[in-house]
Amino acid sequence: MGKWVKSGSPWIWMTGGAVSISLIAVLGLLLLIAWRGLSYFWPATIYQWELEDNTGARSTLIGEIYDREEVPTERLTAAGHVFKQPPGEFVTRYLVKTGNREFVGLDFRWILATDIISRSEPADVAMLERTKNGNFYGYPVAVIENGKRLELKNDALESSLMEHIERAVALSDKALSLQKQDIGSINYNIEKLRLKERRYELDGELTDSRKQELAAAKHSLEQDYKVLEKQLFALRDEAARDAVIVRDMRGVEVELKLDTVLDVTYVNHLGLMGKIGKWFVGVGRFLLDDPREANTEGGVFPAIFGTVFMVILMAIIVTPFGVIAAIYLHEYAKKGPITKMIRIAVINLAGVPSIVYGVFGLGFFVYMMGGSIDQLFYAEALPSPTFGSPGVIWSALTLAILTLPVVIVSTEEGLSRIPSAVRQGSLALGATKAETLWRIVIPMASPAIMTGLILAVARAAGEVAPLMLVGVVKLAPTLPLDLNFPFVHLERKFMHLGFHIYDVGFQSPNVEAARPLVYATSFLLVTVIVALNLTAISVRNHLREKYRSLEH
């Protein structure tokens, strides 16, 4: 036993066991996040309850079971609840998602099992997903088509309603596209003309001919705007032409305009394959749609785009700077106290809290550099800042500085593993030192460079604290990439998945509705980071195989 302990085998087994437990814990956490997030899109059964409270008042409730728990009877009694009959030591209570927010007040309601008289699963009850006020639960009974009421027949109930909804959704999408692209482009060009006129005025070059030229261009754009505005209003009126009549849990018929309805689902009609299809539709909308209702509904596409765009921009910035710094320190700098201090400083930079980088980015990049750029090139737009306010470029630069030590250290390690005989052989054959670095050393060190980039991407994609100061916002109306020249707008603010998780989880006015979105967005962020890392790893492995022959 003593020999076995002295051999070090117990420590090897303990280390292996600890690593295995850690991997299992991480995998279990990811599976939990995936399950809680992806199950949100699964169509849940819609129930109808007949309730009677302790005063004898009866009511009807329609909704989905969101959660359930066992509550001690003593706690309910202490809270003032009176039971008609002793329920036992515990009472089951259900958290029901009721929707119909404008009539009920809250999306969720707790009901006690002792108050339930009956529970059923009506076949003709439907869930209507809307652009505002959340879901609506009830029984569709008629459609108002161009002012005429058409009763929905049972044999064609779902198909008839879906045809009207698809028509309204298509018109609404067309109107939104017209507003964002064509009308947005005209507004953008009108603003450019205003700034151009202001620039001429500041430079003292605003002649009468230029005034007339700018006025003519502006008049032409305004005429185009009026034409498109009429088309937009016509599309909106056409989309709002029809409505659906729904009988809700109160027994009241409610009229819902179809331009506010995105989809209708008769969940209790669906079989397994139908629910799987609806699940994929829900996931697709989550990935491709814009957020709604203070980010508690809709999709996260702007956040996905902003995260990936910012990380790619950060990688483009940090890679050349990190590689050049590492090459200088390893290949050119003489060993001495100054070089040693620089290496220590680089290592210590990796331990600086990220929020400190955010404060530095806000002060140096945004206020100093951005303000200077505005003074030099965008004076006509002042006092409204262009680059002198948080934006995606400053976020990328801040995270580039944050991840720079990782790239430098990783690249230096790769350079140190290259045998000196390779350099000497290249120099002996007549190559210069620069040619040796460019054609021999850097290609051989490229896998290590990619390793540093992988670590940088993994850290940068999950950072939130510095981004809150230098560019990320709750909701960005436009993406940093569009069809308006210069097409890439680095000065714009953007959305980020990490900040979206924080906002939905801790700043949401509807906590219960936001909770599953926190899990779904967390799983999506992990998926995006893994996808970026796998892409970089595949490139690294390709480079490793390509330049393996140089090592021999």
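Me: How much space lies in the second largest pocket?
Reply: The structure is a predicted model. In the second largest pocket, the volume of the space comes to about 1,100 Å³.

Me: Which element supplies the largest share of the lining of the second largest pocket?
Reply: The lining of this pocket consists of 40 residues, and those nearest its centre are Ser39, Tyr40, Phe41, Trp42 and Glu64. At least two lining residues each come from helix H2 (9-38), strand E2 (58-72), strand E6 (126-130), strand E11 (261-265), H7, strand E13 (297-298) and H16. The largest share, 6 residues, is that of H7.

Me: How many residues of the lining of the largest cavity are charged?
Reply: The model has 1 cavity of 30 Å³ or more, and the space in the largest cavity is about 30 Å³. Its lining is made up of Tyr40, Lys97, Thr296, Glu297 and Ala513. Of these lining residues, 2 are nonpolar and 1 is polar, while the number of charged residues is 2.

Me: Which residues does leucine 497 touch, not counting residues up to four places away in sequence?
Reply: Leu497 is one of the residues with the most contacts inside the largest nonpolar core. With residues up to four places away in sequence left out, the residues touched by leucine 497 are Val300, Ala303, Ile304, Thr307, Thr521, Leu524, Leu525 and Val528.

Me: How many residues are in the other core, which includes Ala126 and Val244?
Reply: This core lies apart from the largest one, and Val246 and Tyr266 are also among its residues. Its residue count is 17.

Me: Is threonine 398 buried or exposed?
Reply: Threonine 398 lies in helix H11. Beyond four places in sequence, this threonine touches Tyr357, Gly358, Gly361, Phe365, Pro466 and Val470. Its relative accessible area is 2%, and the cut-off for burial is under 20%, so threonine 398 is classed as buried.

Me: Is the pair formed by the rings of tyrosine 378 and phenylalanine 387 stacked or tilted?
Reply: The model has 17 aromatic pairs. In the pair of tyrosine 378 and phenylalanine 387, the ring centres are 5.6 Å apart and the planes lie at 45°, so the pair is tilted. Tyrosine 378 is partly exposed at 29% relative accessible area, whereas phenylalanine 387 is buried at 16%.

Me: What is the angle between the ring planes of phenylalanine 485 and phenylalanine 487?
Reply: Phenylalanine 485 counts as exposed at 64% relative accessibility, and phenylalanine 487 as partly exposed at 42%. Their ring centres are 5.8 Å apart. The pair is edge-to-face because its planes, for which that class requires over 60 degrees, lie at 85°.

Me: What distance separates the C-alpha atoms of valine 71 and glutamate 89?
Reply: Valine 71 is found in strand E2 and is buried, with a relative accessible area of 0%. Outside four places in sequence, valine 71 is in contact with Leu76, Glu89, Phe90, Val91 and Arg93. Valine 71 and glutamate 89 are 18 residues apart along the chain, and the separation of their C-alpha atoms is 8.6 Å.

Me: How far apart in space are lysine 493 and leucine 228, C-alpha to C-alpha?
Reply: Lysine 493 is placed in the loop between H14 and H15 and counts as partly exposed at 33% relative accessibility. Its contacts beyond four places in sequence are Ser389, Pro390, Gly391, Gly471, Val473, Ala476 and Thr478. Lysine 493 and leucine 228 are 265 residues apart in sequence, and their C-alpha distance in space is 28 Å.

Notes
Residues are numbered from 1 along each chain as its sequence is written. This is a predicted model: local features need pLDDT of at least 70, side-chain atom pairs count only at pLDDT 80 or more; totals for chains, interfaces and linings use all residues. Side-chain values use heavy atoms; hydrogens and water are left out. A nonpolar core is a set of buried Ala, Val, Leu, Ile, Met, Phe, Trp, Tyr and Cys residues joined through side-chain atoms within 4.5 Å. Buried means under 20% relative accessible area, exposed over 50%, partly exposed in between (1.4 Å probe, protein chains only). Contact means heavy atoms within 4.5 Å. On a 1 Å grid over the protein atoms alone, a cavity is a set of points where a 1.4 Å probe fits but cannot get out, and a pocket is an open set with protein on both sides within 12 Å along at least five of seven lines; lining residues have an atom within 4 Å of a point. Grid points are joined across faces, edges and corners, and a volume is the space filled by probe spheres set on the points. Ala, Val, Leu, Ile, Met, Phe, Trp, Tyr, Cys and Pro count as nonpolar, Asp, Glu, Lys and Arg as charged, and the others, Gly among them, as polar. Helices (H or I, at least four residues) and strands (E, at least two) are DSSP runs, numbered from the N terminus. Rings of Phe, Tyr and Trp (its six-membered ring) pair if their centres lie within 6.5 Å; planes under 30 degrees apart count as stacked, over 60 as edge-to-face and the rest as tilted.
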